[in-house]
Amino acid sequence: MSLELAALRRQFPIFANHPGGKPLHYLDNAAMAQVPRAVIDAMAAHDSTSRANVHRGLHPLAERADGAYDAARAKVARFLNAADPSEIVFTAGCTASINLVAQATGATLSPGDEVVVSRLEHHSNLIPWLMMAKARGCHLRYLPVTDDGRLDESRFGDVIGPRCRFVAVTHASNVTGAVSPVRKLAEAAHAVGAAILVDGAQAIAHGSVDVQKLGVDFYCFSGHKMFGPTGIGVLWGRRNLLALLTPPVTGGGMVGQVTDDDVTFLDLPYRFEAGTPPVTQAVGLAAALTWLGDIDRPAFSAEERRLTDRLLDGLSATAGVAIVGPKDLERRLPVVSFAVRRLHPHDICQILGERGVAVRGGMLCAQPLMTSLGLAAGVVRTSLALYNDDGDVDAFLIGLTEAIKVLT
């Protein structure tokens, strides 16, 4: 392990405090990344010195909370290269962000309109559109997937047609790791007058995201997958499009005036933030972004790619293992899924867990994809982050070999 990586790992308390008396080889980062001490300290400091509700108080404590919350919004806007902080809406998570757009967009659609998703989608970017389409009488169409788990770019024009009003796609698959050609999808959507939302939950932790360069209309992600706290998500949307949407959730903090028979909403972004927002979590998310900005991300990303290559090579050399997704490093994240002939993913995960190796197995909230791939029990998924090292990969590959021997 390099000195730089060792120093980075020391910033994550979980690796020193893991119970059980054995090293933790955490390869479940696609589900939730760990948090560095800087994020934990920032949230503790806020709750210890500035805990108050925002945008409703005139006392000094509330003013400090206002400043911290507004600063977090501005930090996220800079991180995504948004045109203005007012385009950043804080939600409870990526799922909540997608539901917000799906419900608000549904009010603008008519029977017979089409919404396009893909076979790669996590349920969070599928079920909200499925439910909305059923309620509005719209048609849901699916972008197909190639044999190696990528979106089939040759079919975009066949699926995104003149009746399409909205496209919702993942930036990168949580199963295959394949990165979607977002710019090309945005151009296809705009060519027929449709808007496009991108689920960035997986991609956000593995490289910079510039919403202007991507050319999309909405982008969303969760804090807990990018070294931040749970309970907070981000929805970015172009101001002109957000302004057209009626808030699907209402309550305190988002109204301008209320009478006996009418209500007016505040301007962006507050009209979409009903109730008490995730203030402490926003502070933690801002701290995570600051932490990311202070490390050598290109160097650690290169290490992620090297370790991904080791994973792919090791799995390819293991009898009975079939990799699900791209078998090379082209346009992919450090997310590698596989199936083992005649073995259930949960059994493999349990044996690995007993050896201190944390991976995930099953349908991965992607049942339509698993069905199309003929994987009735799902897959086992390994997913890397900036703090993983050769020891984690070694422990996984050795543990997998032992698990196969035990189960066969």
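The model is predicted: local features need pLDDT of at least 70, side-chain atom pairs count only at pLDDT 80 or more, and totals for chains, interfaces and linings use all residues. Residues are numbered from 1 along each chain as its sequence is written, and side-chain values use heavy atoms, with hydrogens and water left out.

Start with the domains. The assignment gives domain 1 (3-28 + 296-407) and domain 2 (50-292); such bounds come from an automatic or database domain assignment. The C-alpha centres of the two domains lie 28 Å apart. Across the boundary, 30 residues of domain 1 are in contact with 28 residues of domain 2. Contact means heavy atoms within 4.5 Å.

Now look inside. The largest nonpolar core has 75 residues. A nonpolar core is a set of buried Ala, Val, Leu, Ile, Met, Phe, Trp, Tyr and Cys residues joined through side-chain atoms within 4.5 Å. Buried means under 20% relative accessible area, exposed over 50%, and partly exposed in between (1.4 Å probe, protein chains only). L80, F90, Y219 and F227 have the most contacts inside this core. Both domain 1 and domain 2 give residues to the core, so it lies between them. A second, separate core has 28 residues, including C94, W129, L140 and F272.

Seven strands form an open sheet in the order β2-β8-β7-β6-β5-β3-β4, with mixed pairing. Strands (E, at least two residues) and helices (H or I, at least four) are DSSP runs, numbered from the N terminus. Two strands pair if DSSP finds at least two bridges between them. β2 (88-91) and β4 (139-143) stand at the edges, each with a single partner strand, so one side of each is left without a neighbour in the sheet. On average, neighbouring strands are turned by 20° against each other, direction ignored. β3 (residues 114-118) and β4 pair in the parallel sense over five bridges. There, E114 has H139 of β4 as its bridge partner.

Helix α8 (residues 182-191) lies across β4, β5 (164-170) and β6 (195-199). It runs at about 155° to β6. Axes are lines fitted to C-alpha atoms, for helices over the stretch in contact, and angles run from 0 to 180 degrees between N-to-C directions.

Helix α4 (residues 60-80) has 21 residues and should span 30 Å at 1.5 Å a residue; its end C-alpha atoms are 31 Å apart, which agrees. The expected span is 1.5 Å times one less than the number of residues. Buried residues of α4 include A62, A65, D66, Y69, A72 and R73. Their cover includes α3 (37-49), β2, α9 (211-214), β7 (218-222), β8 (233-237) and α11 (279-294).

N81 follows α4, in the loop between α4 and β2. Its phi is near 60°, a positive value in a residue other than glycine. N81 is partly exposed, with a relative accessible area of 35%.

C365 also has a positive phi, near 55°. It sits in the loop between β14 (360-362) and α14 (367-373). At 37% relative accessibility, C365 counts as partly exposed.

Finally, the peptide bond from L268 to P269 is cis, with omega near 0°. P269 is in the loop between β10 (263-265) and α11.
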